[in-house]
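Subject: A structure for you to look at

Hello,

I am passing on a structure that I have been looking through, and I would be glad if you opened it beside this email. My notes follow below it.

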Amino acid sequence: MSDTEGVITGVGGIFFKCRDRENLVSWYQDKLGFPFDGAGASFVFREDDDPEKLGYFVWGPFKRESEYFRPSGKEFMINLRVRGIEKLLERLKKMGVEQIGEIEEFEYGKFAWIMDPEGTKIELWEQLGDPPMMDE
C-alpha cells in the first residue's frame, strides 16, 4: 500500500431528508436540469491525479422517514470520497473513532460509516467501477 491510501479525496455527495421528495426532485429536474436516476443525481468529473479516471458526486434526497442516517438524528449526512477505505478505518480506530456497522461493498463502491463529535453521520465511500450512465 502506498502512502496515498487511507485518505479522503473529496466530498462524494450531499444526502438529506425532505418533506416531499417527489416534488423536490421534480423542481430540481425542471428548474436546474438535475439528471435524477431514481436514487439521486450524479455529476461526473475527472479525477485530479488521474484524468483518465472518472469520478462522480451524488445529490441524494431521502424521504423524511428514512432511517439511513441512523444513529444520527440529523436531517443530513456527509458522504466523503476515500482512497483505501480499510487503511483509513484502521487509522481512525487508532485515534478512537468508532466505526458504525461493517464495511458494505456494492458494484459501485465500498462504504463505511463513522460519526463526528456533534452526531453527524459520515459515510465513507471508495468508488468502484465507472460512474452511472446519465440519460442525455
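A word on terms before the notes: helices (H or I, at least four residues) and strands (E, at least two) are DSSP runs, numbered from the N terminus. This is a predicted model, in which local features need pLDDT of at least 70 and side-chain atom pairs count only at pLDDT 80 or more, while totals for chains, interfaces and linings use all residues. Residues are numbered from 1 along each chain as its sequence is written, and side-chain values use heavy atoms, with hydrogens and water left out.

Seven strands form an open sheet in the order 2-3-1-4-7-6-5, with mixed pairing. Strand 2 (41-46) and strand 5 are at the edges with a single partner strand each, so one side of each has no neighbour in the sheet. From one strand to the next, the twist averages 20°. Two strands are said to pair if DSSP finds at least two bridges between them.

Here are some of the pairings:
- Strand 1 and strand 3 are parallel, with six bridges; Phe15 has Gly60 as its bridge partner in strand 3, and Lys17 has Phe62.
- Strand 1 and strand 4 run antiparallel and are joined by eight bridges; Ile8 is opposite Val82 of strand 4.
- Strand 5 and strand 6 are antiparallel over five bridges, and a hairpin links them through two residues. Ile100 has Trp113 of strand 6 as its bridge partner.

The loop between strand 3 and strand 4 holds Pro71. A cis peptide bond connects Arg70 to Pro71, with omega about 15°. In general, most peptide bonds are trans.

The pockets

Next, the pockets. On a 1 Å grid over the protein atoms alone, a pocket is an open set of points where a 1.4 Å probe fits, with protein on both sides within 12 Å along at least five of seven lines; lining residues have an atom within 4 Å of a point. Grid points are joined across faces, edges and corners, and a volume is the space filled by probe spheres set on the points.

The largest pocket has a volume of about 480 Å³. It is lined by 24 residues, of which Phe15, Ala39, Val58, Tyr108 and Phe111 are the closest to its centre. At least two lining residues come from each of strand 1 (7-18), strand 3 (54-63), strand 4 (76-83), strand 5 (99-106), strand 6 (109-115) and strand 7 (121-127). Which strand gives the most to this lining? Strand 3 does, with six residues.

For residue classes, Ala, Val, Leu, Ile, Met, Phe, Trp, Tyr, Cys and Pro count as nonpolar, Asp, Glu, Lys and Arg as charged, and the others, Gly among them, as polar. By these classes, the lining of the largest pocket has 14 nonpolar, five polar and five charged residues.

The second largest pocket holds about 180 Å³ of space. Its lining includes Glu47, Asp49, Asp50, Arg81, Val82, Arg83 and Trp125. Strand 4 and strand 7 are the elements that give two or more residues to the lining of this second largest pocket. By class, that lining divides into seven charged, two polar and two nonpolar residues.

The record

Finally, the annotation. UniProt lists residues 10-127 as "domain: VOC", in an unreviewed entry; its positions are given in the numbering used here, feature names are shortened, and annotations may be inferred rather than shown by experiment. Across residues 10-127 the chain is 19% helix and 47% strand, with the end C-alpha atoms 12 Å apart.

Best wishes

How values were computed:
Axes fitted to C-alpha atoms, helices over the stretch in contact; angles between N-to-C directions.
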